[in-house]
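Here are my notes on this model, point by point. Please read them with the coordinates open.

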Amino acid sequence: MPSEIAPLPNIFARLGIEQSLITDDLWLDGHAASLVDDKSCFESDWLDTGTTSAAESIEETAMGRLFASAIEQLDGWSSDKGPTGKMLWIHARGMHGPWDAPHALREALVDEDDPAPPTFVMPPKQEAGDDPDQWLGIRVAYAAQAIVLDACVGALVAVLEETGLIENTLLMLVGSRGFSLGEHGSAGTECRELFSEQLHVPWLVHLPGTVGPIARFEGLSQPADIGATLLDWFNGFPVHGQPTENSIGDGRSILPASKNILSDWRQFIFAKGIDGQRAIRTHAWMLRQPEQANLAELYTKPDDRWEFNDIAVRCPQIVEELAKVLADEG
């Protein structure tokens, strides 16, 4: 985010929105206060969820305890409070925190002929190798954590429904980055290659007034869209995608898209990584440039979801056109 753009919590504080942050990230808790000028509109609470062993139940996991604390915060909310009243930020380390799901969840995910699931609690950093059992164990452990997260989000939604808050609360679940599980030869928290397992993160939205469960946004989005969407919700911008004094860079609200009002969405997005890596994604293609700029990998979308079949040599014209756009974007 450009330095001239104020942090989101500070923008919301200026609008008089009461905000609470609940996190298990000690660094974020210490840094959060510096993001807001008016401290009277912002509270931060750090929950120590450190552990070295598997939990006995989902409720006792790190994520379970974090979401339980968040649900306690909701007890003081009133269902007749308008949508501009309060904001609750729930920031979990998620898959980058302890993998402490009950061991029974891992056991339920393996077949009789599979190796016993691993017992580690700290997530891998950057594992490599060609042993399929190794990848299976990591993926099973990851899947168990995903079950925990699903249960925690479900519990939060249930409370919102029981209290009536769901009727006027915008609910979003957003990932900051993905997690490599051996799709391209490595797995862990320190993998940084620009493939979809790192770049394709969930954005689940429940918009009051819509019918049905939380929906997954499928458009080409980028982090700035989160801020634009929240500002859209709180300010009710009449014109979407146009410059406003409260806009977030080139971010665009997804709320019109979720209402089927905005049919023309972003045509491409691009990403920069360490060591000169770059990538551009359109609705039909993904071009990836590794460290050597003269190299390029091209993948069809959405069919080749995890970039397994490089067809750059078969489509040189597409490579050239996308490389030009990527170069123009810097």
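1. By class, how many nonpolar, polar and charged residues does the lining of the largest cavity have? There are four nonpolar, four polar and three charged residues. Here Ala, Val, Leu, Ile, Met, Phe, Trp, Tyr, Cys and Pro count as nonpolar, Asp, Glu, Lys and Arg as charged, and the others, Gly among them, as polar.

2. A word on provenance. This is a predicted model, in which local features need pLDDT of at least 70 and side-chain atom pairs count only at pLDDT 80 or more, while totals for chains, interfaces and linings use all residues. Residues are numbered from 1 along each chain as its sequence is written, and side-chain values use heavy atoms, with hydrogens and water left out.

3. The structure holds two cavities of 30 Å³ or more. A cavity is a set of points on a 1 Å grid over the protein atoms alone where a 1.4 Å probe fits but cannot get out; lining residues have an atom within 4 Å of a point. Points are joined across faces, edges and corners, and the volume is the space filled by probe spheres set on them. The largest cavity comes to about 50 Å³. Its lining includes Asp24, Met63, Arg93, Asp100, Gln145 and Val148. Helices α3 (62-74) and α5 (132-163) each supply at least two lining residues. Helices (H or I, at least four residues) and strands (E, at least two) are DSSP runs, numbered from the N terminus.

4. The second largest cavity has about 40 Å³ of space. Ser180, His184, Ser186, Cys191, Glu193, Phe195 and Glu197 line it. Two of these lining residues are nonpolar, three polar and two charged. Cys191 is buried, at 3% relative accessible area. The cut-offs are under 20% for buried, over 50% for exposed, and partly exposed in between (1.4 Å probe, protein chains only).

5. Cys315 is buried too, with a relative accessible area of 19%. Searching the whole structure gives zero disulfides. The criterion is a pair of cysteine sulfur atoms within 2.5 Å.

6. The largest nonpolar core has 21 residues, and Leu74, Val148, Leu156 and Leu160 touch the most other members. Such a core is a set of buried Ala, Val, Leu, Ile, Met, Phe, Trp, Tyr and Cys residues joined through side-chain atoms within 4.5 Å. Two or more residues come from each of α3 and α5. The biggest share is from α5, with eight residues. Another core lies apart, with 17 residues, among them Ile11, Met87, Leu207 and Phe234.

7. Ile90 sits in strand β3 (residues 86-91). Ile90 is partly exposed, at 29% relative accessibility. Setting aside residues up to four places away in sequence, Ile90 touches Ile22, Leu66, Ala70 and Leu156. Contact means heavy atoms within 4.5 Å. Ile90 and Thr23 are 67 residues apart in sequence but 6.0 Å apart in space, C-alpha to C-alpha.

8. Check the backbone. Most residues other than glycine have a negative phi, and most peptide bonds are trans. The Lys301 to Pro302 bond is cis, with omega near 5°. Pro302 is in the loop between β13 (297-300) and α9 (316-328). Glu307 is found in the loop between β13 and α9, with a positive phi near 55°. Glu307 is buried at 2% relative accessibility. Asp275 has a positive phi of about 60°. Asp275 lies between β10 (268-272) and β11 (278-282), in the loop, and is exposed at 56%.

Key: 1 Å grid on protein atoms, 1.4 Å probe; cavity = no way out; pocket = protein on both sides within 12 Å on 5 of 7 lines; lining within 4 Å.
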